[in-house]
Amino acid sequence: MTMIAPLVLLAPLFLPASPPLRCALFAQTMTIPRATPSTDDHTKPSVPKRGETQAQTVAPHPLMEYLADELTYSMERLSDEDGTKPYYINYTVYEEHTAALSATLGALVEDRRSDERNLNIDLRVGDYSLDNTHQMRGGGASHASGSGNIRLPLEDDPYAIKHTLWYHTDRLFKQNVKRLAQVKTNLKVKVDEEDKSDDFSREESHVYYEPPVTLAFDRKTWADRLRKISAVARSYPLVYSSSVSVSAFAGTRFMVTSEHTRLQTPERRYRMIVTAYAKADDGMDLSQSFSFSAAREEKLPGDAEIEEAFLSVINQVLALREAPIAEPYIGPAVLRNRASAVFFHEIFGHRIEGHRQKDVTEGHTFKKKIDKQVLPEFLDVYDDPLASQLGDIDLRGQYHFDDEGVEAERVTLVDRGILKGFLMSRSPVEGFACSNGHGRRQPGRAVASRQANLIVQSTNQVPFSELKRILVEECQRQGKPYGLLFDDISGGFTTTGRRGAQVFKVLPVVVYRVYADGRPDELIRGVDIVGTPLTCFEKIIRTGDDPAVFNGSCGSESGWIPVSAVSPSMLVSTIEIEKRTRAQSRPPILDPPIEESQ
Amino acid sequence: VIAETKRRLPRYRYRPTRPHLFLVTQGCWMDGSGDEPVNSTVSHPFRAMRGGARTFGCIVLALLCVFAPATVTADQKAPDDDVLLKAMVDELNRSMAELVLADLPRPYFIQYRASDRLSHTIDATNGTLLGSNKAHTRTFASRVRVGSYELDNTNVGGSGGARATLPLDDDYIAIRHAIWQATDQDYKNAVETLTRKQAYLREKNIEDRPEDFTPAEPLLVFEPPAKIAFDPKQWEDNANLLSARFIRFPDIQRSNLSLFAGTVNEYIVNSEGSRLRMADTGLHIEINAEIQAQEGMLLSDNLTYIAERMSQLPPVERMLADIDEMCARLMELSKAPTLEHYTGPVLFDPIPAGKVFEALLAEQVCAAPTPLGAGGSWGEDNLEKKLGRRILPRSFQLYDDPIPDLYEGTLLAGHYAYDDEAVRAVRVSIVDDGILENLVAARAPTRKVKQSTGHGRSAGLADARARIGCLYISDTDGLPAGELRQLLIQTAREEGLDFGLRVESMWPGGFAALGRPVYAYKVYVDDGREELVRGLEFLPVRTTILKRILAAGRERQVYNSLSGGTSSIVSPAILLEELDLAKFEEEFDKLPILKSPALRPSERAVHDN
């Protein structure tokens with residue numbers, strides 16, 4: 001596995017052939033500015049009231065009416081010969097405007113713009129307790145597939161829109177009637193299920209409109225900015241590839257359901273990423289990236305700040321070239337805030353997703369642990385989609401309504417170390433009958449319960465410098481010559497399935513040895529953290545007082561979605577690292593053309 | 001006029017008009033100034049080969065016909081303002097001179113290809129746009145060969161060259177940087193592959209292994225940048241207008257239109273000294289319609305318009321009339337009876353006959369070396385072993401000639417002047433009086449075919465292999481259409497059948513498989529009347545059935561194929577003595593439960609405004 005593109009590297013991590021799914025989280029890291037001119041406590045996420053910034057009197061877009069008309073028509077008249085009817089239909093249209101530009105060495109390499117509308121249909125036959133989405137055991141197609149993305153006209157033409165809705169609704173209905181019959185047979189031939197929860201929870205309906213958004217993106221100005229900043233890398237011949245990119249997203253989700261939910265919700269996301277890639281003389285691929293996320297274009301950094309970040313990733317990969325290779329090691333370590341946030345997202349977050357507690361192919365790490373101690377008692381963990389900022393940093397996992405139209409809730413997952421809940425979509429599990437607004441998806445995928453903004457808080461905090469001092473003490477106590485400081489993590493993945501080993505792996509890129517004898521810290525390269533989830537939580541000794549945000553994209557069975565994870569730095573008594581498998585190809589034979597031809 | 005338009009189009013079999021397919025040129029995009037005739041000159045320096053006196057392969061195919069007259073004029077002098085070309089040449093020269101790992105062989109040959117494409121795609125349905133997108137891409141492929149022409153790192157598994165995405169700006173350093181990295185990676189793979197291949201050859205006893213590559217004369221061709229007078233706004237309107245036509249036909253359950261317009265400048269440079277910049281343009285409109293028969297069978301048809309210049313497209317009014325006709329015929333087809341089984345003579349009209357030849361001959365007349373380790377079944381249907389034997393009736397002639405761009409005024413999508421291995425295309429006589437005389441070939445020799453005929457082609461930037469360009473089929477005893485039909489009736493009668501079968505159109509088949517007929521007719525023996533049938537598909541056939549063609553027509557038509565690389569087949573109608581067809585077994589959904597919006601009074605009212 002090479003590390004050329006850390007942000008997309010592990011995208012296809014979940015293999016279609018093996019249902020136990022893994023997740024991969026990739027990286028937008030961001031430090032919290034220390035001096036935030038805010039009167040608020042910047043270590044606590046801020047939660048705006050819904051609609052705070054928008055008048056609630058917005059009129060629905062005409063599309064809402066077309067969707068509602070066709071939905072009503074379908075609910076009234078869809079029925080097969082024996083009277084089977086849909087009991088639930090959800091039409092969601094994702095209108096998405098995206099622009100992406102990327103430059104390398106002063107030249108534009110990518111220039112994309114797309115505008116599209118995709119229809120997703122969730123049509124259920126049967127009833128809330130048993131419907132066509134029920135998991136089938138044994139054999140292929142254990143999970144129901146949704147409608148996928150159906151392209152819908154960009155213009156508000158009622159005839160063309162209704163025609164598309166009609167065509168696909170009718171076909172999906174027939175397909176789902178067939179699947180329900182298969183589900184019923186499957187239930188009869190298999191042993192009783194462990195978890196007899198319903199297939200779909202009953203939830204309140206909501207009517208809420210905000211104005212749709214469009215994307216105004218000045219591609220020419222941006223292209224020139226990226227060219228200028230990316231040209232900096234021309235002076236670094238040992239950086240074999242590099243990029244400066246920006247992407248802008250403005251989308252509106254239109255949702256109409258047979259339970260009378262009507263939602264029209266906009267979203268904007270901007271992101272800039274700088275990357276650099278080099279090779280050590282022994283062939284090891286070294287890459288580093290840094291990103292900025294914001295909910296508004298104005299909040300993206302200026303040229304000077306981006307250039308500084310770009311130079312910093314360049315210098316990091318160059319420093320890594322000189323760094324010694326990590327040796328396998330077991331001992332104490334500090335995970336710096338953002339690194340710790342990734343760690344929690346992967347190792348804890350994915351295992352408290354509700355649907356995994358029911359899926360018979362899953363590992364059920366936490367299924368029987370409700371009201372039991374799972375973390376040290378000084379830790380609280382919650383997931384709050386309503387939180388929009390930490391300090392001045394926008395949280396990428398923010399939303400008011402999830403992709404099933406359920407109002408988002410702050411969910412207490414761990415209270416003083418005790419497990420209290422799961423992230424729930426409308427797929428109930430034993431003991432949890434309702435959604436808490438965490439049903440999410442990438443357009444085109446089936447909804448699953450997912451993380452939004454995972455926030456770890458501690459009551460056992462010390463300043464970071466103190467945490468490092470305790471690390472040295474811990475080394476001395478354990479008789480280790482050094483401890484490790486994980487300064488940055490590019491992402492990670494975890495396996496939650498029953499068939500695979502219950503393990504995780506995070507991919508740290510900046511790791512230091514912190515010596516017990518007081519020598520200066522030493523950068524090392526080629527580190528992978530490995531471990532099993534339950535044991536590593538017991539080993540958290542203390543935390544910093546420095547919560548920071550990791551803004552990223554998380555990929556799993558319901559696709560790629562924006563998320564945040566927030567955590568303070570964390571000291572663990574034991575962590576295990578292994579040597580990364582390294583690329584065997586040598587550095588380039590010829591010098592880069594940069595030098596000679598100028 | 002140049003432009004091997006469709007040559008590029010077919011890259012993706014089913015959706016040739018998706019974005020990032022085709023693309024750009026420098027400047028001059030959609031200037032609205034009309035199609036400008038482009039002048040260029042060909043020059044052909046025949047410089048001394050690098051490495052000197054290599055004898056060309058043993059058998060130089062005898063019947064390589066004349067070089068086609070130069071339809072292209074190009075400048076022999078490389079334009080000095082082409083940054084991409086300069087970056088490619090400079091990095092190529094540096095790599096040939098300096099790229100080597102200690103104790104390992106140097107490259108003996110390097111070829112670079114780059115494709116600079118600009119495209120616009122428009123999708124529409126029922127009178128409204130689904131999308132309208134412009135794209136610009138520059139892709140690059142490097143092919144480093146180490147060893148020698150006799151034995152190198154190719155013709156073995158896992159030897160694919162390296163790809164890169166190039167900067168869109170004409171930035172010399174940034175472009176070279178990307179080429180440098182791809183070449184480095186390619187060279188390292190090449191030396192490893194060669195070592196692996198040599199080890200394999202030491203272990204196995206392989207008799208009569210052909211050489212891996214043949215040298216070629218260097219070519220210098222610089223065509224002016226491609227241009228096309230495409231107005232996106234106008235075509236968005238046209239797409240709406242055309243796709244809205246289906247609203248008149250409520251029985252058509254689904255329809256869409258996709259349009260692709262693009263230009264490409266394709267670059268090839270190699271260490272033999274070839275420098276080519278070829279310009280190409282393409283316009284492609286596809287209109288699909290789908291209907292369901294009463295018991296659920298899905299039936300579909302499509303209209304395809306292919307052109308290199310706007311002026312080659314029919315007027316929109318004509319397209320509207322074509323849509324009307326397609327819909328009317330689909331509705332008629334949906335009500336036609338099905339037929340369980342048929343064995344007997346089949347008459348193929350010229351276009352479906354072209355598809356028969358595509359399925360049974362297009363791949364098979366291409367010389368293809370067997371990759372090492374590929375085993376005995378590789379290329380089983382390839383006709384190389386039948387060279388000198390009869391494969392068609394004695395009155396049949398068949399040749400491939402990529403040079404002309406038109407056949408009786410119809411565009412030949414498969415035309416081109418130079419192949420993807422920098423070899424000038426030549427006309428190849430393949431079948432003479434029914435006897436297989438030659439195969440079309442790329443630069444990798446086979447046991448019997450030792451010289452490229454300029455047919456080394458590829459989809460995208462993949463390695464080139466031999467493919468047909470424009471295949472011409474004729475029967476010196478060809479009959480007028482009426483007599484051919486009479487012969488069908490007579491043959492059916494002799495077989496004791498009530499009717500024979502005439503196939504008017506069919507979907508393209510796969511490799512060595514005939515497609516499903518779209519429109520097929522029973523032709524009754526008693527009074528010659530025709531009756532539409534549906535739901536039939538051909539049972540498997542072999543190339544040998546071509547010897548049993550009873551007769552062919554006199555008139556020929558062009559079938560432009562977009563599957564896996566553009567090609568054209570110019571074919572007469574053919575009558576085959578006996579084929580088997582059966583009703584296809586497929587589970588279809590029942591008819592829609594809900595009324596289409598087109599059939600609901602309230603929606604009609606809204607729409608009729």
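Colleague: Is Arg426(A) buried or exposed, and what about Glu259(A)?

Modeller: Happy to start there. This is a predicted model, where local features need pLDDT of at least 70, side-chain atom pairs count only at pLDDT 80 or more, and totals for chains, interfaces and linings use all residues. Residues are numbered from 1 along each chain as written, chains are lettered from A and ligands numbered from 1 in written order, and side-chain values use heavy atoms, without hydrogens and water. With buried meaning under 20% relative accessible area, exposed over 50% and partly exposed in between (1.4 Å probe, protein chains only), Arg426(A) and Glu259(A) are both buried.

Colleague: How far apart are N and O in the salt bridge of Arg426(A) and Glu259(A)?

Modeller: A salt bridge is a side-chain nitrogen of Lys or Arg within 4 Å of a carboxyl oxygen of Asp or Glu. The side chains of Arg426(A) and Glu259(A) meet that rule, with N to O at 2.9 Å.

Colleague: Which residue forms a salt bridge with Arg113(B)?

Modeller: Arg113(B) is buried, at a relative accessible area of 4%. The closest N and O atoms are 3.3 Å apart, and the partner is Glu266(B).

Colleague: How many salt bridges are there over all chains?

Modeller: Another one joins Arg277(B) and Asp82(B), at 2.7 Å from N to O, and both of these residues are buried. Searching the whole structure over all chains gives a total of 73.
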